[in-house]
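Here is a short tour of a model and of the way its chains meet. Take a look at it first, then read on.

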Amino acid sequence: MKNFIGFLLLLTFANVSAQSIPGYMGKRLTIGYSGDYMIAFAETSRGNDGIGMKHAHALNFEYTIRNRTNFCFQLRYFKTGISSIGSYYYGNSAVTYQSRDGRPLQLNSFNIGLGYKFFNKGLLAPVGKYIKPEILFLINKCSYERDRFLYYDGGQKYANIGTGEYTTFDLGLTYQIGRQRVIGDRIVIDSGLRLGVMASAFFSNVGSILFDSSGYSSSTFASRLDNAIMNRTFGHEFFNVHLGIGFLAF
Amino acid sequence: MMHKSLFRKIVCIAITVLLFNDGLVAQYATDYTPLKSSGMLPEEFLRTARSLSEEDLKTMGYGTDRIAKQQFTISSNYFLRDLLLSGDVLVNDPLTNYVNKVADELLKNDPELRKQLHIYVTKLPDVNAHAFDKGFIFINAGLLAQLENEAQLAYVIAHEITHVVKKHSVNQYIENIKLDRGISTYETGSYEARDIAKYSFSKDNETEADAEGLVRIKESGYSVKALSGAFDVLQYSYLPFELVEFKKSFFEDEFLILPDTLFLKKTSEIKSNDDYDDTKSTHPNIRKRRGAVEPELVVADEASRKKYLVSEEEFKKAREIARFESCRLYLIDRDYVNAIYAAYILLEKYPENLYLKKIVAKALYNIAVTESNSNRNKPKYSYSVGNNARLNSKSYSIPDYEKIEGTSQRLYYMLDNLNAKELNIIALSYAFKAHKKNPEDVVLSALTDSLFSELVNSNELYMGDFSKSTKAQIIALDTAKVPVEAIDTTAEESKYSKIKKQQQKVEITTDENFTKYAFVGLLQDSEFVKRYKKASKGLTKKEEEKKDNLTYKERKKRDEQLAKENKNKYALLGIEKVLFLEPFYMKVKSAGGNEMINYFESEEKQVKLAEIQKKCADRLKLGYETVNTKNMTTTDIDRYNLNSILNDWLTERFNHGDNVDEMVVGTDEMKSLIEKYGTKYLAWTGVYNEKGRKSHNTYFFILFNMESGEVMKYETRFTKSKDNTDLITSFVYNSLMHVSKKPK
């Protein structure tokens, strides 16, 4: 991975020195905030109650490296709830999660995105319509109240599980189509649609289609949590509306 | 015996004519200065199309066809404003002043109407005049050059006044819409019939303008009989303004003798047909027009009427100026042979006129270099500006002489039958001789240098290729040798010596070899020799031959390399200052196959684009000069003239297309203009935006070197997006960045 990032950076900065790039009025670095939004019909951070909004926040650094290309670095964060981790067996009983305040498991995802914005033919970055492929590194932290897993063993009992926090890593590919405007020669407005596919979910699902997974047991607590985070992240990232604001720094 | 008073009258007229003729000859004997506007700019030149339209719309009322009238008014004012600021319209110049005096005479009895009219002369060579319903009448210089008398000019003005008074343009516009929609009462038939009806409606308007114009003439003091030749002017408008036999001696001197075979013994007859098919013409054919008007050219008081109410002298002076001006306008139009012929006609009268000699030298130069250029394998570049492919490849060739009628055909034939080398030699000979007579003239001197360079670099003709001795001297030398052989009668002359003798004889006697002796006289001139040597310094024929002795693959590789080098060469130009022309902006709305120009927005966006240019240039610290005609005041006549010069230059340069060898020669003022602004670079930017279901933009930026005419940078961007300010800013900045940034 390190090598891959190194290669990306080399490719990027090799171009920077080789070209005379206009940017916008000579400004090539954009710093900004953006959010990915979509109405969530289930599994919001509040759980399954009603319709909510799923969203992610990001801090963006974009640098124009060629006439029609921006190199994009993104620090991103989103938080959501996981209402169920499915049928995990503790002893001989299925376990359900029941927090004290009714909140589901909380998933905090910290992401790093590396990508390129390719502006349409004839345009000059950073103005106009673009497409943006991006690689997303996700550090997902799922927090829960460790003594609120409930199971039935002749009577209702709480299972004493884990440390209260579970961390997974994931890799995603996103594809964004959007449009950027520059207002007052300084403010950059970015809007578009974003499609994301998480590698783990993709390979897991494709794997289960390609290979016989009926004998595969995933009934341990960790694997169920992995699975739940993977599916939740996949749902969260799959399709979003993208809105951003930034300024042209230099 | 002649009556004493009549005799006195004749003597007076003769003296006036002599004085007048001498006056004109004296005035133009040595030079002519092209026309310029002067004085204060009229108010109507300073208003935007929007303000002109808003005023008209307020007074339009609520009658039928209101929307069509509104559309017409807006578009008409837009094009009127465009024309007023195009640089083609002359203000307070001798021609416009004279034409207005004629209009004053014509409308002496109708001062109210006179006040509503704005009459100007336009710097266009076509034999034409046109009017806007708003009261603007434009008479082309090309028409003035062809008229026979002042009464004819008055008739042309009267004809155009009828168009204005009767609102023919707007009526035509409304009728065309109705005919398109099938709701016109003028024609209710098929689509084809309605299409033809549009032309018929226009022809009816023209017939009415002819008739009403004649009525107006009859109401004035102008001679009606003098109009009998008015339609001849139109019929023969394609011919030069005079028919003068072209003499071969024009290009010749004692040593440069052109072969007789280059000159047609008989030129073709003038076959003009006045009864041509006018079904799809906006005007009735000449025979119909003449037939309708000439029977009416009878008035009882003809004897008291005059051909000239202003003055014959002023008419002839105006016509002469128009003729001088036409020579230059032909050059701008790339009509080189016509320019030479027009100058030739005037040179008969003013043989020492520098302006005319320069016209001939410039036209010859461009003909010669285009001919040389067509023989070379040069990499071609093509440019297209916006939706107009005006800078695309445009090769020049002399018009087919068979299509030319009258006396000028001889000149077309001659030039068409000369090859590149011969043309170069004739052009150089003419330019150098003109230069020797006018050594102070920098244009002639520069032309001479360029022709020397062309002779050496393109046509590979070195001093050794020309004879320093005359034909007679060589023959004398030859005959001096021949008797030695002739005396030896005992020896039998071999077949081969006979062949050689024959060849030698042919070489000396044939007219085809006239170029060999072309410079016999000039090679005696030390300046000629010095400049020729300077041009050929470091070059030998051998080297040149070697250079061009390439295979197809090698040449292709060389061309690719050259194109690559040129691309790199012009990537970053490091230019410090640029002169910006008023930008072009057009917004078009397309729906259902129809395109409508959004005039108001186009005008506003044009102003915005100029602001963007300034903003980007400032940010790049690129020196910014502009000849923008927006926000002019009445005292901005210099800016107006400057805009006119630059537009002339640009029009001519665009006419040359990708032919970079051709020199932009229509104006001699570029040098002083370059000095005034401290830059030789001229930039022109534009946007064409079409909004249909989606928006499309075409952006262009073009940078010229005004000294050489070279295109330094050419950029177009086609985008499927709205023409937002930020988008256009990014384009302009990018263009200017490449202009201003220095290459590493």
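## A loop residue to start with

Where in chain A does A:Asp185 lie? A:Asp185 sits in the loop between strand S10 (165-183) and strand S11 (187-198) of chain A; strands here are DSSP runs of E, at least two residues, and helices are runs of H or I, at least four, numbered from the N terminus. The phi angle of A:Asp185 is near 60°, a positive value in a residue other than glycine.

This is a predicted model, where local features need pLDDT of at least 70 and side-chain atom pairs count only at pLDDT 80 or more, while totals for chains, interfaces and linings use all residues. Residues are numbered from 1 along each chain as its sequence is written, chains are lettered from A in the order in which they are written, and side-chain values use heavy atoms, without hydrogens and water.

## Where the chains meet

A:Asp185 also takes part in a salt bridge with B:Lys615 (3.0 Å, N to O). The term means a side-chain nitrogen of Lys or Arg within 4 Å of a carboxyl oxygen of Asp or Glu. Chains B and A share two salt bridges. The largest share, nine residues, belongs to H26(B).

Contact (heavy atoms within 4.5 Å) links 20 residues of chain B with 17 residues of chain A.

## Another loop in chain A

The peptide bond from A:Ala125 to A:Pro126 is cis, with omega near 10°. A:Pro126 is found in the loop between strand S6 (105-119) and strand S7 (128-143) of chain A.
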